[in-house]
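Hi,

Here is the model I promised to pass on.

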Amino acid sequence: MKISNLHRLVQMAATASVAMGLAVSAHAQEEPKLIINGEQEMITHAIPPAYIDGLSESISGWVFRTKETQALELDDFDNPGMIFVDQAQELWDKEMGPENKSCASCHGDVSSMKGVRTVMPKFNEKAGELWTLEDYINDSLTTHMGMEPWGYTSTEMTAMAALIGNQSRGMPMNVAIDGPAAPYWAKGKEMYYTRTGVLELSCASCHEDNYGNYIRADHLSQGQINGMPSYRMKNAKLNGIHARFKGCVKDTKAETYKPGGPEFHALELYVASRGNGLSVESPSVRN
Amino acid sequence: MAKGVKPRVKVPKKATAGEVITIKTLISHKMESGQRKDKDGNIIPRSIINTFTCDFNGQNVISVELHGAVSTNPYFQFEAKVPESGEFVFTWLDDDGSTYTDKKSITVA
Amino acid sequence: MNFTRREALIIGAGAVTAAALPMQAFAAAIDDAIAAFTGGAETTDSGITLTAPEIAENGNTVPISVSAPGAESITILASGNPTPNVLTFTFGPLAGSQEASSRIRLAGTQDVIAIAKMKDGTFAMTSSAVKVTIGGCGG
């Protein structure tokens, strides 16, 4: 295949760094701090767990954005993702389904969900499977409320994930990868390093080997998920973890997996573990 | 009335007489510019917030005329002079004829 | 850097596609929009400040702020959008300053123009070049 074809496929360009006078390495610059509402400081740099061999430092995706994009996450009023969090709060309190129950009927104030996001995904003993936050929400809807499950990447689901995630904002991610979770983690790790698609790129090609560089004028981050769900300026809505994975796999011109499917469950656990120690930022703001 | 439209405003609760305060406003709205096409290639009709005003005790602070190039969920930040205690009234006018309002009181100590 | 030779080639191929906009096509529209606001009057370039990012990571949400002490109203125009008018701020008697911020959409790399109508009937104009990247890779 000719270079020009490849070029057309992804239009990657490192030119941005040079052309726009941005050829400053992330480390040479003074690192800005992510302090939300002027009071809550997020951990944006952490030492990754010893079992992560490819990274010497875990860095939040926020650090790689321009100062204008960063500013949107500094204040809850300025963060458009908070609109959806407000909507999910109404949903949390709303009586729904055949049994006329709300999430609050059983869980009380949503602050009871504090800490939940930091350990997701986790192995669910009852089901004998690895469950994400979305799976727990759907389980409550179906087994505790007699309702139909929400679509895995639906607006309600992503907003609810953001509201629940928001209760843990600032707390460090801390997923478990041992015991029954170990095989999922191993599968996720393999996926992370496997080159796929027409372009033969793995997650690691971009997010481990090249973070800090520019691709098609985009400043590459480590592809961390501590900020999820994130409000993206690109589509002006909240985006969940699997929706983002799907987009990244598509960019390598590979057959993508189904959001909510077993592959992305395993990948989510592995990617989450690469960011153990980084603060939950839900909802973050990205481009 | 467009779906899911909800105004949000941020105004300090207190001020001193004559103080200049910062106000932020945001309304959740798609701001359909009238320049996008649907799957079948038909133009999606324009549906935007076209006017925003902020008044205090009946006197105007700012008014804004908006076009299709204002982002989804229109956001404004501006400053107001607060001569006395009273109420801010915020109004957004939608292309579809709907009006959305929000009010915030402020106390001058 | 661990890119393979082939990847390095892809990345090095370099595409600043955003720069190649059909600017001329919109030139007439922007002139008309300026004239509509100023009524054809001369403009000065002092007394107005426009703050916009040098690089916008996405054209959907570009933060801008404008300040023109003594202005009655300020209009913002996007020279490279199919329709140049973006918004007009009109300041009332209780405005704390003639300064305001918003978030706007830019169809590509272009100049954003701000024109203030002063209380004495004169006009001040400034512009700011915003480079819009086709970013937002990864879906």
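**Chain B against chain C**

Putting chain B and chain C together buries about 2200 Å², with carbon and sulfur atoms giving 49% of that; buried area here is the accessible area (1.4 Å probe) that two parts lose on being put together, summed over both. Before going further: this is a predicted model, where local features need pLDDT of at least 70 and side-chain atom pairs count only at pLDDT 80 or more, while totals for chains, interfaces and linings use all residues. As for bookkeeping, residues are numbered from 1 along each chain as its sequence is written, chains are lettered from A and ligands numbered from 1 in the order in which they are written, and side-chain values use heavy atoms, with hydrogens and water left out.

On the B–C interface, 29 residues of chain B are in contact with 26 residues of chain C, contact meaning heavy atoms within 4.5 Å. Ala69(B), Ser71(B) and Tyr75(B) supply 24% of the area that chain B buries there, more than any other three residues.

What about charges? Between chain B and chain C there are zero salt bridges, with a salt bridge taken as a side-chain nitrogen of Lys or Arg within 4 Å of a carboxyl oxygen of Asp or Glu.

Strands are DSSP E runs of at least two residues and helices are H or I runs of at least four, numbered from the N terminus. That side of chain B divides into 15 nonpolar, 10 polar and four charged residues. For those classes, Ala, Val, Leu, Ile, Met, Phe, Trp, Tyr, Cys and Pro count as nonpolar, Asp, Glu, Lys and Arg as charged, and the others, Gly among them, as polar.

A loop residue also reaches across: Gln35(B), in the loop between β3 and β4 (49–56) of chain B, is in contact with Pro82(C) and Thr83(C), leaving aside neighbours within four places in sequence. Gln35(B) is partly exposed at 42% relative accessibility; buried means under 20% relative accessible area, exposed over 50%, and partly exposed in between (1.4 Å probe, protein chains only).

**Chain B against chain A**

This contact takes 12 residues from chain B and 11 residues from chain A. The buried area is about 990 Å², with carbon and sulfur atoms giving 52%. Here the rule finds five salt bridges, including Asp75(A) with Lys10(B), whose closest N and O atoms are 3.3 Å apart. Six residue pairs are in polar contact, both residues at pLDDT 80 or more. On chain B, β1 (6–10) and β3 (19–28) give two or more residues to this side, which divides into three nonpolar, five polar and four charged.

**Salt bridges overall**

How many salt bridges turn up over all chains? A search of the whole structure finds 17. In chain A, Arg286(A) and Glu281(A) meet at 3.3 Å, N to O, and both are buried. Shared partners join Asp75(A), Asp78(A), Lys10(B) and Lys24(B) into one network. Lys101(A) and Glu99(A) also pair up, at 2.9 Å; Lys101(A) is partly exposed at 27%, and Glu99(A) is partly exposed at 41%.

**Cores and one buried glutamine**

The largest nonpolar core has 57 residues, and Phe52(B), Ile62(B), Phe78(B), Phe88(B), Phe90(B) and Ile76(C) touch the most other members. A second, separate core of 34 residues includes Met113(A), Met120(A), Ala236(A) and Tyr75(B). (A nonpolar core is a set of buried Ala, Val, Leu, Ile, Met, Phe, Trp, Tyr and Cys residues joined through side-chain atoms within 4.5 Å.)

Lastly, Gln167(A) sits in the loop between α7 (155–166) and α8 (182–193) of chain A and is buried, with a relative accessible area of 19%. A polar atom of the Gln167(A) side chain lies 2.9 Å from the backbone oxygen of Leu163(A).

Cheers

Terms used:
A polar contact is a pair of N or O atoms within 3.5 Å; within protein, one must be able to donate a hydrogen and the other to accept it, and residues adjacent in sequence count only if both atoms are side-chain atoms.
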